[in-house]
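Visitor: I am new to reading protein models, and I would like to be walked through one slowly. Could you guide me through some details, step by step?

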Amino acid sequence: MHFSELPNINSLLEHKLFYGLSAERVKRAARAYVQGLRDSMLSGSLGAIPSLDECAQHVLSALEADASLSLRGLVNATGVVLHTNLGRAPLGMEIYASAAGVFGGYCNLEYDFNTGQRGSRHSHIEKLICELTGAQAAMIVNNNSAAAMLMLGAMAENKGVAISRGELVEIGGSFRVPEIIEHSGARLIEIGSTNKTHLSDYAKAVKNKGAEVLLKVHASNYEIVGFTKSVSISELAKFGAENDLPVFYNMGSCFLIDPQLIGIRDGETARSAIEAGADLICFSADKLIGSTQAGIIAGRSDYISEMKQHPLARALRPDKVTLSVLESTLKLSLYPEEAIRQIPVLSMLAVRPAELLKRAQALAKGLEQVCPGWIVEVRETLDETGGGSMPNVPLHGFGVILEPVGISSAELEEKLRKERIVTRINGGAVIIAVRTILPGDDEIIADTLSRIFSGSK
Ligand SMILES: *Cc1c(COP(=O)(O)O)cnc(C)c1O
């Protein structure tokens with residue numbers, strides 16, 4: 001092997017693969033590639049000199065890798081609908097398209113067409129939220145953590161806030177309810193015990209510890225079972241009203257449509273909490289609402305006006321992308337059947353096991369053909385709502401299990417993952433749960449698996 005056998009940069013540049021590409025970019029990539037070959041030759045690690053076509057292919061791959069985004073779409077085959085690491089709620093193309101028509105250009109984010117004067121960015125969605133929840137007023141912030149922070153920072157600063165010990169939850173990462181209360185300038189008053197809190201505990205906190213605000217937090221990601229007692233939002237709101245104390249409820253996640261329509265018996269709705277008498281509620285827009293990341297605060301209009309004036313509100317305000325996507329989603333939520341059809345999170349929760357079985361069978365049939373000899377079988381799966389939304393609601397689904405030959409299941413999982421197909425391993429097999437697979441994903445899975453299969457032999 002000799003340096004003179006290395007491909008000539010100029011003949012590489014003229015390769016047909018590079019037609020139409022910027023000559024400067026190709027030249028830079030080609031030089032780096034050939035320098036790499038030279039280095040490997042010097043160190044003795046180059047087995048053979050690649051052909052001109054192979055070299056061109058390598059340079060093209062390097063150019064493509066360079067141009068691709070870091071944040072990329074993927075196939076979620078985990079069966080976890082609101083996967084916190086995978087961007088939570090998928091938006092659905094119809095919602096995205098109608099919103100993109102707004103945020104893609106200029107829009108009336110803070111502009112009143114009638115007067116030509118400055119308008120309020122909250123105004124576009126406030127009425128919709130009031131209609132969907134029965135609240136007097138509402139506002140939007142960047143996420144539910146921000147909503148909880150603003151609610152307490154604006155309405156409970158320097159005040160004693162009573163909360164049940166069973167609700168002092170940590171929600172992933174570093175979001176802990178006690179810390180939020182502390183940072184908001186409120187004084188935390190823990191009441192009851194981890195498993196039991198009675199209304200009399202709130203009464204004692206008011207009488208003996210100077211509690212001025214009553215806070216309830218949905219225990220999103222766990223459930224205390226067994227010997228338990230907690231105070232419902234309606235009991236707490238009634239007590240608050242009798243004693244002239246505000247009651248705030250951080251619901252975390254809740255529905256805007258009747259969850260019975262998607263076969264979920266005891267899911268909470270924002271409307272039920274408002275009807276129960278909560279003065280303010282807050283929840284995430286990208287959990288069971290199925291929209292983009294945002295936090296919604298709804299309730300008494302005097303409280304909401306005060307929060308809109310608070311300096312934190314400016315720091316936490318959402319932009320036009322968030323607001324337009326949210327408006328599209330909320331509009332749909334007014335028509336539950338349409339919402340279930342078009343909001344992916346709701347469709348994925350509503351789908352019947354019989355339908356999932358059919359989809360799993362169709363997927364298995366396609367996959368059997370691309371990897372003959374491997375075990376490909378339809379199995380029942382236990383899917384999850386995820387996102388700390390409904391830890392106690394089992395979702396029975398179906399999926400396809402893959403047991404490869406020649407490589408291990410762990411290797412198969414890794415290869416799929418690097419091709420942006422995220423699966424789970426269970427009982428030594430790779431599982432592709434069909435609930436969270438979007439239209440078009442079947443073909444991507446089959447094509448990718450076919451490539452991995454050819455490479456494994
Ligand atoms: C999910 C959740 C949060 C955090 O909401 P984000 O929108 O992720 O910021 C806060 N509190 C509760 C109770 C939650 O369930």
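Visitor: Where does Asn 158 lie?
Guide: Before anything else, please keep in mind that this is a predicted model. Asn 158 has a phi near 60 degrees, which is a positive value in a residue other than glycine. As for its place in the chain, Asn 158 is found in the loop between α6 and β4 (160-164).

Visitor: Is Asn 158 buried or exposed?
Guide: The cut-off needed here is that a residue is exposed when its relative accessible area is over 50%. Asn 158 has a relative accessibility of 65%, and therefore it counts as exposed.

Visitor: What is the relative accessible area of Arg 420?
Guide: Arg 420 is not a glycine, and yet its phi is positive, at about 70 degrees. Arg 420 belongs to the loop between α17 (409-418) and β14 (421-422). Arg 420 is described as partly exposed, because its relative accessible area is 36%.

Visitor: How are helix α6 and helix α11 oriented, roughly parallel or roughly perpendicular?
Guide: In general, two packed helices are described by the angle between their axes and by the distance between those axes. Helix α6 (residues 144-155) packs with helix α11 (residues 301-309) at an angle of about 95 degrees, and their axes are 10 Å apart. Since angles of 65 to 115 degrees count as roughly perpendicular, α6 and α11 are roughly perpendicular.

Visitor: How many charged residues does the contact of α6 with α11 have?
Guide: On the side of α6 the contact involves Leu 150, Met 151, Ala 154 and Met 155, which meet Tyr 303, Glu 306 and Met 307 in α11. Sorted by class, this contact has six nonpolar residues and no polar ones, and the number of charged residues is one.

Visitor: Which arrangement do the rings of Tyr 111 and Phe 113 have?
Guide: The whole structure holds four aromatic pairs. In one of them, the ring centres of Tyr 111 and Phe 113 are 5.8 Å apart and the ring planes stand at 85 degrees, so the pair is edge-to-face.

Visitor: How many residues apart in sequence are the parts that Trp 374 and Phe 453 tie together?
Guide: The rings of Trp 374 and Phe 453 have centres 5.2 Å apart and planes at 65 degrees, so this pair is edge-to-face. Both Trp 374 and Phe 453 are buried. Because Trp 374 lies in the loop between α16 (353-370) and β12 (375-386), while Phe 453 lies in helix α18 (residues 441-455), the pair ties together parts whose separation in sequence is 79 residues.

Terms used: Residues are numbered from 1 along each chain as its sequence is written. This is a predicted model: local features need pLDDT of at least 70, side-chain atom pairs count only at pLDDT 80 or more; totals for chains, interfaces and linings use all residues. Side-chain values use heavy atoms; hydrogens and water are left out. Axes are lines fitted to C-alpha atoms, for helices over the stretch in contact, and angles run from 0 to 180 degrees between N-to-C directions. Helices (H or I, at least four residues) and strands (E, at least two) are DSSP runs, numbered from the N terminus. Angles under 35 degrees count as roughly parallel, over 145 as roughly antiparallel, 65 to 115 as roughly perpendicular and the rest as oblique. Contact means heavy atoms within 4.5 Å. Ala, Val, Leu, Ile, Met, Phe, Trp, Tyr, Cys and Pro count as nonpolar, Asp, Glu, Lys and Arg as charged, and the others, Gly among them, as polar. Buried means under 20% relative accessible area, exposed over 50%, partly exposed in between (1.4 Å probe, protein chains only). Rings of Phe, Tyr and Trp (its six-membered ring) pair if their centres lie within 6.5 Å; planes under 30 degrees apart count as stacked, over 60 as edge-to-face and the rest as tilted.
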